[in-house]
Amino acid sequence: MFDYTICKCKQVSFFDVEDVLNKSEKFESVEKAFKEVQEITHCSTGCGGCHDKILDAISEIMTKHRPYKA
Ligand code: FES
């Protein structure tokens, strides 16, 4: 796994997103996880162009890297 910038406006990387998810207990959905990630990192509050990429990263982290359970 390598790190890369997902949100250029707010300089949020894949690892930043992963960090937020790792610190949280569990998420009921990708949308809720997104809200939490956005609150902490402020990703997707600029141009908004990274929105889908952030969601993709969250789903990837949730399904592949840790067994997040609702
Ligand atoms: S790239 Fe994320 S808000 Fe613009």
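**Overall fold and nonpolar core**

Read from the N terminus, the elements of the protein chain follow the order β-β-α-α-α. In this predicted model, the chain thus holds two strands and three helices. The radius of gyration is 11 Å, close to the 11 Å that the globule rule gives for 70 residues, so the chain is as compact as a globular protein of that length. For a sense of its dimensions, the C-alpha trace spans about 30 × 25 × 20 Å along its principal axes.

Buried residues account for 23% of the 70 residues in the chain.

The largest nonpolar core has 14 residues, and the members that touch the most others are Ile-6, Val-17, Val-37, Cys-43, Ile-54 and Ile-58. Two or more residues of this core are given by each of strand 1 (5–7), helix 1 (14–23), helix 2 (30–41) and helix 3 (51–65). Helix 3 provides the largest share, with four residues.

When its neighbours within four places in sequence are left aside, Val-37 is in contact with Val-17, Val-20, Cys-43, Ile-54 and Ile-58.

Notes. Residues numbered from 1 in each chain as written. Predicted model: local features only at pLDDT ≥ 70, side-chain atom pairs only at ≥ 80, totals over all residues. Core = buried A, V, L, I, M, F, W, Y, C linked by C-beta atoms within 7 Å. Buried ≥ 20, exposed ≤ 12 C-beta atoms within 10 Å, placed from the backbone. Contact = placed C-beta atoms within 7 Å. Rg over C-alpha atoms; globule rule 2.2 N^0.38 Å.
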